[in-house]
Amino acid sequence: MSEVWLEQFALLPGYLSRHLLLSVTALAVGIGLSMPLAFAAIRHRWLQGPILTIASTIQTVPGLALLALMVPLLGQIGFVPAVIALILYSMLPVLRNTVTGIEQVDRDFIEAGRGLGMTPNQLLLRVQLPLAFPVIVAGIRTATVWVVGIATLSTPVGATSLGNFIFSGLQTQNYAAVLVGCAAAAALALILDRLIRLLEIALARRDRAMLGGAVLLTVAALTAGLWPILRSAALVDGRPDVVIGTKTFTEQYILGELIADVLEVAGFDTNTRDSLGSTVAFDALAAERIDVYVDYTGTIWANYMQRDDNPGRETIRSEVARWLIDEHGIEVAATLGFENAYVLAMTRAGAESLGVGTIDGLVAHAPSMKMGGDYEFFGRPEWASLSSRYGLQFDELVTMDSTLMYAAVAAGEVDVITAFSTDGRIHAFDLAILDDTRGALPPYDAVLLVAPNASSRVPGLLRALGALDNAIDVDLMRSANRHVDLDGGSVSRAAEMITAQLMFEAEGRP
Amino acid sequence: MVCDMIELEGVTKYYANASTPAVAEISLSVESGSLHVVLGESGSGKTTVLKMINRLVEMSSGRIRLDGEDIRAIDPIALRRRIGYAFQGVGLFPHMTVAENIAVVPRLLGWPGRAVSDRIDELLETMGLPPASFRGRYPRELSGGQRQRVGVARALAARSHVLLMDEPFGALDPITRDELQEELKKLQRSLGLTVVLVTHDVNEALLLADRIAVMKDGRLLGHDTPDRLLNAPPHPYVETLMAMPKRQAAKLAELASSRATGVS
């Protein structure tokens with residue numbers, strides 16, 4: 001138990017410092033942009049409608065979507081798209097409070113200021129701003145709490161944040177990680193909020209000593225929070241040899257850890273960008289923002305190559321490899337040796353009572369059934385191909401988190417799910433896989449992809465990764481997944497299980 | 001010779017979307033060193049007249065001269081810094097101390113810090129507010145009368161010789177009001193200030209003014225000394241207006257005399 005916690009706490013300084021840097025940068029820039037905009041809106045009243053409407057509209061875009069949209073818009077992943085989305089998010093409360101705060105200043109004071117001979121700028125600076133100060137600060141505090149909270153969603157676009165705890169923790173059922181992430185984000189929001197409040201009080205009282213103390217405290221808190229970044233910036237010159245990417249499910253976290261282990265043993269310096277959105281990972285690799293990640297041939301075949309035919313496992317693998325190198329310069333460093341396919345699964349008892357063993361057999365029962373799928377599935381070409389090739393019509397399609405699907409079908413809340421063939425929970429919940437006799441779903445061989453130019457930039461990379469070629473069979477992968485998803489083990493422990501097996505086999509060889 | 005400090009000539013103001021003028025064709029002059037009261041009910045246009053003098057409201061037509069100079073030729077910001085301005089509710093800035101409030105205009109004019117500080121002390125002394133205990137106070141820590149004194153000090157800070165006052169004593173209790181009216185009169189005489197004061201209070205007008213301008217519905221119905229307005233009203237409205245203080249005075253005299261006979 002305590003080991004699980006210690007493991008998470010060891011990650012805290014790194015994640016926290018990234019999260020703090022994102023939040024503070026976004027707030028500083030957001031406030032810097034909002035203030036002049038708010039002043040312009042006060043000076044030119046016709047600007048008020050458009051400015052506030054745009055800011056409100058941005059606010060209505062769900063945080064995750066806004067962050068994810070920045071990736072294609074900017075053509076890159078990581079800090080920049082995340083910080084820009086957060087800047088946009090921070091602006092509404094600052095804008096709105098500055099405008100209303102200044103507009104609410106009593107007419108008498110404006111009249112007095114004008115009557116004494118103040119210019120509009122002097123009036124703003126000496127009368128309106130100081131009198132609106134508490135309202136403006138309240139807006140800044142709201143923005144701070146929002147930004148710190150929403151910054152946890154930076155993880156899927158490749159910016160490390162406290163969200164790394166939450167995303168990977170939810171996927172791998174590591175609730176210690178989720179708790180650490182949430183508590184740290186809440187504590188950070190609270191501390192920043194209190195610091196701003198302290199600065200406000202000191203300024204309002206014009207208490208020099210108190211202000212000095214508050215500034216000192218703020219600087220100390222920021223320095224402490226950002227320390228891991230400050231120290232590493234002073235020590236190394238940025239990017240490590242190899243940046244590994246992972247998507248947002250257990251198997252990916254385990255493989256990411258495994259790749260890091262393998263490369264570090266071979267003497268490479270690595271860094272991992274966890275929990276990337278599915279297409280974010282591919283785009284990031286093509287753009288050389290990450291160097292290595294694991295994808296599946298069927299995913300590339302159906303989603304990026306837009307193919308819906310199924311010429312067989314070997315053909316697809318070789319065509320995918322050729323397409324990757326031709327179109328993107330991406331190399332396949334290894335075929336890991338197992339498939340993680342989309343399969344349709346239902347409870348064994350349910351399948352047997354209906355006498356269903358194949359997807360063909362399911363078609364007649366489908367109109368009275370509920371089907372559960374992960375966030376992506378019903379939007380993917382695989383689903384289009386599956387439903388059209390078999391003529392599948394379900395009573396209802398339910399989208400849910402992939403970690404919840406297995407329990408949902410076992411509990412009878414849905415009748416059929418789109419399971420992943422390597423998931424340990426298929427066996428644990430005693431689910432039956434329905435055969436895809438018409439080959440509507442492509443094969444999903446796990447392949448280790450390497451970014452364009454990475455092999456020439458990092459000599460020896462391909463050879464090191466080659467150690468993983470055909471090294472993991474489906475049983476090994478499934479038991480590693482099961483270790484995390486069902487037995488509550490850690491990702492690193494699961495990766496060690498695979499490494500141990502590899503070493504055992506290597507020793508066993510003649 | 002007496003020179004006219006402020007002259008209004010056919011001054012008219014139409015507010016946007018109004019069919020009748022707020023102020024119609026007003027001409028009057030205020031001699032240097034005198035205190036003129038503009039008297040009228042709310043809506044009579046008296047405050048508009050005052051605000052046109054420092055261009056807080058721009059006139060629609062006519063001409064206003066300050067010390068012989070057409071005010072439209074003066075930059076409005078510079079004009080306002082030359083003219084003291086005090087009004088009801090005072091408008092002291094709540095985020096500034098007494099000293100900072102008084103210092104506003106001198107600082108806008110770029111006076112050196114030493115001169116500003118001396119001027120603050122001098123004005124607080126004049127207003128009977130010991131600088132040592134009042135400089136650092138905030139407006140919320142002052143009584144209504146003290147606030148009004150600081151308001152006047154602020155209006156005079158840049159050594160303006162012209163002071164515009166909009167209902168300055170309206171919000172005060174009768175005793176404080178009486179005190180401040182007396183002080184204002186003394187101050188005006190000793191400093192030779194030219195003052196235009198707007199009020200709806202007939203008694204206040206009669207007690208303070210060298211001359212009273214009576215306004216109704218944007219028109220000037222009389223501009224004369226209190227004595228002449230009281231005894232030879234130029235217009236029935238002025239007569240009605242003056243009837244009230246006369247009645248009050250008669251009643252007071254009656255009370256005083258009956259008391260006197262009662263004792264003797």
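Chain B has 10 helices and 10 strands, where helices (H or I, at least four residues) and strands (E, at least two) are DSSP runs numbered from the N terminus. The model is predicted, so that local features need pLDDT of at least 70 and side-chain atom pairs count only at pLDDT 80 or more, whereas totals for chains, interfaces and linings use all residues. Residues are numbered from 1 along each chain as its sequence is written, and chains are lettered from A, and ligands numbered from 1, in the order in which they are written.

For the 264 residues of chain B, a compact globule would have a radius of gyration near 18 Å, and the value of 20 Å for chain B agrees; the radius is taken over C-alpha atoms, and the globule rule is 2.2 Å times the number of residues to the power 0.38. Along the principal axes, the C-alpha atoms of chain B fill a box of roughly 60 × 55 × 40 Å. Buried residues account for 41% of chain B. A residue is termed buried if 20 or more other C-beta atoms lie within 10 Å of its own, exposed if 12 or fewer, and partly exposed in between, with C-beta atoms placed from the backbone. Among contacts in chain B between residues at least 6 apart in sequence, 68% join residues at least 24 apart, a contact requiring C-beta atoms, placed from the backbone, within 7 Å.

Glu25(B) lies in strand S2 (residues 23-31) of chain B, and its 15 C-beta neighbours inside 10 Å make it partly exposed. Asp217(B) is found in the loop between strand S9 (211-216) and strand S10 (219-224) of chain B; with 16 such neighbours inside 10 Å, Asp217(B) is also partly exposed.

At the interface, 13 residues of chain B are in contact with 14 residues of chain A. Helix H2 (76-82) and helix H3 (98-108) of chain B are the elements that give two or more residues to the chain B side. By class, this side has seven nonpolar, four polar and two charged residues; Ala, Val, Leu, Ile, Met, Phe, Trp, Tyr, Cys and Pro count as nonpolar, Asp, Glu, Lys and Arg as charged, and the others, Gly among them, as polar.

A nonpolar core is a set of buried Ala, Val, Leu, Ile, Met, Phe, Trp, Tyr and Cys residues joined through C-beta atoms within 7 Å. The largest core has 136 residues, and those touching the most other members include Leu86(A), Val147(A) and Val292(A). Helix H4 (residues 79-103) of chain A gives the most to this core, with 13 residues. Leaving aside residues up to four places away in sequence, Val292(A) touches Val242(A), Ile244(A), Ile259(A), Leu448(A), Leu449(A), Val450(A) and Leu465(A). A second, separate core of 76 residues includes Met59(B), Ile64(B), Ala103(B) and Val104(B).

Helix H12 (residues 297-304) of chain A is largely enclosed by the rest of the structure, because six of its eight residues are buried. The buried residues of H12(A) pack against strand S3 (292-296), helix H13 (313-328), helix H16 (381-390) and strand S10 (445-450) of chain A. Gln306(A), which follows H12(A), has a positive phi near 60°.

The mean pLDDT of chain A, the predictor's confidence in each residue from 0 to 100, is 90, and 97% of its residues reach 70 or more. Within chain A, confidence is lowest in helix H22 (residues 491-508), at a mean of 83, and highest in S10(A), at 96.

Definitions and conventions
Contact = placed C-beta atoms within 7 Å.
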